[in-house]
Protein chains: 2
Amino acid sequence: MVGDGEAETGPLATSWHSNKFLNPIRDGAVLPVLHLNGYKIANPTILARIPHDELEALFIGYGHKPYFVEGDDPTVMHQKMAATLDRCVDEIHAIQREARTQGIRNRPRWPMIVLRSPKGWTGPREVGGHKVEGSWRAHQVPIADPATNRESLRLVEAWLKRYQPDTLFDASGRLVEELRALAPEGSRRISANPHANGGALCKALDLPPFQEYAVAVKKPASEYVPPTDVLGKFLRDVMRRNMTSFRVFGPDENASNKLNAVYEASKKTWLAELEESDADGGELSVDGRVMEMLSEHTLEGWLEGYTLTGRHGLFATYEAFVHVIDSMFNQHAKWLEKAKRELRWRQPVPSLNLLITSLVWRQDHNGFTHQDPGFLDVVTNKSPDVVRIYLPPDANCLLSVANHCLRSRDYVNVIVADKQPHLQYLDMNEAVTHCTKGIGIWDWASTDQGFEPDVVVACAGDIATMEALAAVEILKGLFADLKIRFVNVVDLFRLMPETEHPHGLSSRDFDSLFTTSKPVIFNFHSYATLVHKLTYKRTNHENIHVHGYAEQGNINTPLELAIINGIDRFTLAIDVIDRVSRLRGIGDHAKERLRDQIIDHLNYAHTEGIDREEIRDWCWKG
Amino acid sequence: MVGDGEAETGPLATSWHSNKFLNPIRDGAVLPVLHLNGYKIANPTILARIPHDELEALFIGYGHKPYFVEGDDPTVMHQKMAATLDRCVDEIHAIQREARTQGIRNRPRWPMIVLRSPKGWTGPREVGGHKVEGSWRAHQVPIADPATNRESLRLVEAWLKRYQPDTLFDASGRLVEELRALAPEGSRRISANPHANGGALCKALDLPPFQEYAVAVKKPASEYVPPTDVLGKFLRDVMRRNMTSFRVFGPDENASNKLNAVYEASKKTWLAELEESDADGGELSVDGRVMEMLSEHTLEGWLEGYTLTGRHGLFATYEAFVHVIDSMFNQHAKWLEKAKRELRWRQPVPSLNLLITSLVWRQDHNGFTHQDPGFLDVVTNKSPDVVRIYLPPDANCLLSVANHCLRSRDYVNVIVADKQPHLQYLDMNEAVTHCTKGIGIWDWASTDQGFEPDVVVACAGDIATMEALAAVEILKGLFADLKIRFVNVVDLFRLMPETEHPHGLSSRDFDSLFTTSKPVIFNFHSYATLVHKLTYKRTNHENIHVHGYAEQGNINTPLELAIINGIDRFTLAIDVIDRVSRLRGIGDHAKERLRDQIIDHLNYAHTEGIDREEIRDWCWKG
């Protein structure tokens, strides 16, 4: 990293094309060194076995100016490498100086170094007649059995003696003073570089009061608003107040995901060529703080690097394609857990905030390939110390959750919220209370006040909540005396026992919300089994009946998709009739009519390509 | 694809570096065309905005010879493209001819085409004063509201009229004869290309009798053998018998994964430069049929392309890193489901066989980063019509399962089997019977013959099985009259209800194996919750207590790792004492001694870095 103390350090070089996002005015610089030592665990590397002109062309094609340091004589190579490093640093400074005095005229071609040296360099040259230095055999333990084989032990000794330990250590085994003096001190020690302990550099975000972005909700479920559009305005102002420590990341889809308000604060970083038409809505700028590249991997890597160096960010991505970064998420969660639980010197870093959007239930154009809410299953496998999942049912809840996540440290926060217009349920005060509890009874949607409920209708997620609410309305119309309790879940880990997750509800609280014996019809955003995974230890688990995505889909209307997966209002109402014992018999005719409605709506959707108006504009009558 | 009928068609170009694996003698060729139309959904593409010399260098660096077809006049571009295609095909033929007559002297630089044309070419040029053709606005619906806006409707009309429909269709709306005659017929129609319906080309593998590779098991659990090493020999002979239709794929780790016997049949494909030392154990060959590249994405893509064109393969990869291809797996499973259930004309294709190895429980060197058995959770979310999961407990079971998977069609088969030496339980006949049932009571490990069991000890996975067995031995020593039933699971979906998965056990069979009221202590390879996910509907579910990976780990000895995750013999035995009501009270002293042993073994492992000999060499006394 080459930069001065004032400039913001640039995102890490997580892909070779990352250099096209590096601003010589604002950012520090990365000097990539490709250590081309020729081998992996069992094979040559591809880049070590292509002609020199191809290799050079490759890095020129990536936008770099490559320098080659090649050889195997350590003394010569040391000087070559030092000279090349000096030259590259000078070039970086020249690029920065020019940009900072004269502005950016062309995208700089940053230097990079290809260091070609033997693998296992200065290790044993041969063992048992097989080449080791300069071979894949140097990848792991070069001499396998010195504990049991005298000849091997002699090889180890000969190898290590080549480093002349007598000249490096004194009689007591202590490094000689001259060498000890070479080590840098304080934060110049590589292990104490504050950039590698980003929490030490981290400053809290200056956040605007999120309440000011609230959607007015006079009556629950009476108006449709796209939640991410509301969030976008909040993020815009977070950006404005934190122009050196906050970025938004997204795969070319921040506009599609309705977060485009952020461009009012800062454009998309773009240092490649510009064309005239970009001025009309391109939202590109060399100064941009919105990171867009159609590579979830690169974005995840950038955000990880950004938080690990103490800055804050949010990565918004399509739900179905967040699986692209499953493995990166896993490793980051493992890293966080170790850092948090076992390494006390590590300061807490900003959380990795993932906004999962363009959700499974509204894929009217994209269809089956875009329907995959399974990332939550991957997340729930990681340590409860570091993962959090939120399913805010509406825009005000989303604001409250986002505010909470941006203030947090050392978590991966997963927020599930859609870009399409959805019903709004809670005003800002109610939303804050609801999100603080993480789970709660919605009084206005329940009919069991003062009574034991006959049934609990529970839900998590936007469309799941709307369909559950519509089911309650149907049931109220059919059975005026039915006692329904309506429970909504925002913080998914509330479902787990408190002994297994810090957010878990105590048995007493869970049993009081979900009863110990009444049927619970749970309408869930994702795969139904996830709710069972979280609740199987609960007293009333055998009465919890979950509806969720069942891997059924095509290019469907929203209701059609809900029906074929069984999360629609009619199927839920039928399930309630089936599960509440006193409705059996008296509910048979009602069930039949509900089944008729399902068929009618499916036929309409199939014929017309849209849902009936009464479905599209459905509101809670209350 | 350019190739003759006899040569095997090469794997698809799933990464730019794939061209380095394309053999001009044996393989068909791929002519990549990069359609550089400049924009994505909302941004310019990076490659469209770098200087021409960088772009050209990039593809030279990837090992291609790039040709550029650039412009926006359709008539001119049509001729240019045709001429360039002809030239490229000629070049490909020349490369193939030379290689086929004179052998391969250098890796060929295959031609490729960069086609640079405007996005939304010939679409509306402007809408509402905004550029559409040649802009990101052409990515989706270029004119949004013709249904409600007359001006927009006129724009659509003007646009479509530019294609001169009067000259293309006759009065009845039928395509004019001259144009109809242009369409190719039969299998030359793009929709009927047999390579795109690979099942039509697919021939069954010629498989050697897998029984011949059996490990002799005279006494259960008395000898340690690495299962993948045994599998490797079977795969070697599968390869030998199917030298044009079977390949093994792996990320540089087939040797590490002990599948190196396959190199006796065929080496690793390698067309890049060779060095002298490669002859000593490099196992490289231009003719190789083993595909190794340190990119799980590329390998998965190659294997998908290989099976979709009717050939067979197996992809072996480290368990923790199979998450890298979660998203690719998801999309392939979705594709298979649609192909199988909704598209009758599609012929069944060979299954995608994934061998998950280097498992969580034996990461003595690698530690926490290499401990992630969560891929199974992702797999269980996909349609039961297309996914299968097998956990063969030993080498003979692995052979039986592998044989079954290589014969199957239209599935993703996930086989979980380790590379380290593990105890062998079943002789070949027993293994075949056990794997055919998919789940079964191991009589020799049980003590409940002729009685109702006091407890069911169940297990799935190699180490989980060994620890469960060792727990039984401890319990037999402590409580001579305890009636233990030992159940092992190979086919994980046997646990699901038959109504939810074709492999699911009926309630009657499940209840008969697991009882309806006795405690079940289930020792599981992966995360414990997955067993609950699969069994929560079972009668006896509330008595099923699962032990599995709990995201606890470091660089641990095998027993240490088992203990900190609670899947070790001592913890299991304690759990049995706790759950079997008649052992409460009488088992207290035994529990205490077991706890002492846990502490003693942990201390030993911590001090010595290995497990005690009695653990390392543990065998079933019987």
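Biologist: Which strand is B:Phe524 found in?

Modeller: In this predicted model, B:Phe524 is found in strand β19 of chain B, which covers residues 520–524.

Biologist: What does B:Phe524 form with B:Phe522?

Modeller: The two form an aromatic pair of the edge-to-face kind, with 6.2 Å from centre to centre and 80° between the planes. B:Phe522 also counts as buried, since its relative accessibility is 1%.

Biologist: And how far is B:Phe524 from B:Glu560?

Modeller: Their C-alpha atoms are separated by 16 Å, and the two residues are 36 residues apart along the chain.

Biologist: Back to the rings, how many aromatic pairs does the structure hold?

Modeller: Over all chains there are 33 aromatic pairs. One of them is formed by B:Phe249 and B:Tyr306, an edge-to-face pair with 5.9 Å centre to centre and 65° between the planes. That pair links distant parts of the chain, with B:Phe249 in strand β7 (residues 246–250) of chain B and B:Tyr306 in helix α7 of chain B, 57 residues apart.

Biologist: Are B:Phe249 and B:Tyr306 buried or exposed?

Modeller: B:Phe249 counts as buried at 0% relative accessibility, and B:Tyr306 counts as buried at 0% relative accessibility too.

Biologist: Changing topic, how much space lies in the second largest pocket, and which residues are closest to its centre?

Modeller: About 1,900 Å³ of space lies in the second largest pocket. Its lining has 49 residues, and the closest to the centre are A:Tyr62, B:Ser15, B:Trp16, B:His17 and B:Tyr62. Two or more lining residues come from each of these elements: α7 (296–308) of chain A, and β1 (33–35), α1 (52–61) and α7 (296–308) of chain B.

Biologist: How does that lining divide by class?

Modeller: By class, the lining of the second largest pocket has 27 nonpolar, 18 polar and four charged residues.

Biologist: What about cavities, how many are there of 30 Å³ or more?

Modeller: The count comes to four cavities of 30 Å³ or more, and the largest cavity has a volume of about 60 Å³. Residues of both chains line the largest cavity, including A:Tyr39, A:Lys131, A:Trp136 and A:Arg137 from chain A, and B:Asp278 and B:Asp280 from chain B. Its lining divides into two nonpolar, four polar and four charged residues.

Biologist: You mentioned α7 of chain A, so how many of its residues are buried?

Modeller: Eleven of the 13 residues of α7(A) are buried, so this helix is largely enclosed by the rest of the structure. Among the buried residues are A:Trp302, A:Leu303 and A:Tyr306. The span of α7(A) agrees with expectation, because 13 residues at 1.5 Å a residue should span 18 Å and the end C-alpha atoms are 18 Å apart.

Biologist: What does the side chain of A:Tyr306 make a polar contact with?

Modeller: The side chain of A:Tyr306 makes a polar contact with the side chain of A:Arg289, at 3.0 Å. A:Arg289 lies in the loop between β9 (284–285) and β10 (290–292) of chain A, and A:Arg289 counts as buried because its relative accessibility is 1%.

Biologist: And what about helix α12 of chain A, how far does it reach?

Modeller: Helix α12 of chain A (residues 462–478) has 17 residues and reaches 25 Å from its first C-alpha to its last, close to the 24 Å expected. In α12(A), 14 of the 17 residues are buried, so the helix is largely enclosed by the rest of the structure. A:Ala468 is found in this helix, and A:Ala468 counts as buried at 0% relative accessibility.

Biologist: Last topic, what is the phi of A:Glu551 and of B:Asp252?

Modeller: A:Glu551 has a positive phi of about 60° although it is not a glycine, and B:Asp252 has a positive phi of about 65°, again without being a glycine. Most residues other than glycine have a negative phi.

Biologist: Where do those two lie?

Modeller: A:Glu551 lies in the loop between β20 (544–547) and α15 (558–565) of chain A, and A:Glu551 is buried, with a relative accessible area of 3%. B:Asp252 lies in the loop between β7 and β8 (268–269) of chain B, and B:Asp252 is buried, with a relative accessible area of 1%.

Methods: Residues are numbered from 1 along each chain as its sequence is written. Chains are lettered from A and ligands numbered from 1 in the order in which they are written. This is a predicted model: local features need pLDDT of at least 70, side-chain atom pairs count only at pLDDT 80 or more; totals for chains, interfaces and linings use all residues. Side-chain values use heavy atoms; hydrogens and water are left out. Helices (H or I, at least four residues) and strands (E, at least two) are DSSP runs, numbered from the N terminus. Buried means under 20% relative accessible area, exposed over 50%, partly exposed in between (1.4 Å probe, protein chains only). A polar contact is a pair of N or O atoms within 3.5 Å; within protein, one must be able to donate a hydrogen and the other to accept it, and residues adjacent in sequence count only if both atoms are side-chain atoms. The expected span of a helix is 1.5 Å times one less than its number of residues. On a 1 Å grid over the protein atoms alone, a cavity is a set of points where a 1.4 Å probe fits but cannot get out, and a pocket is an open set with protein on both sides within 12 Å along at least five of seven lines; lining residues have an atom within 4 Å of a point. Grid points are joined across faces, edges and corners, and a volume is the space filled by probe spheres set on the points. Ala, Val, Leu, Ile, Met, Phe, Trp, Tyr, Cys and Pro count as nonpolar, Asp, Glu, Lys and Arg as charged, and the others, Gly among them, as polar. Rings of Phe, Tyr and Trp (its six-membered ring) pair if their centres lie within 6.5 Å; planes under 30 degrees apart count as stacked, over 60 as edge-to-face and the rest as tilted.
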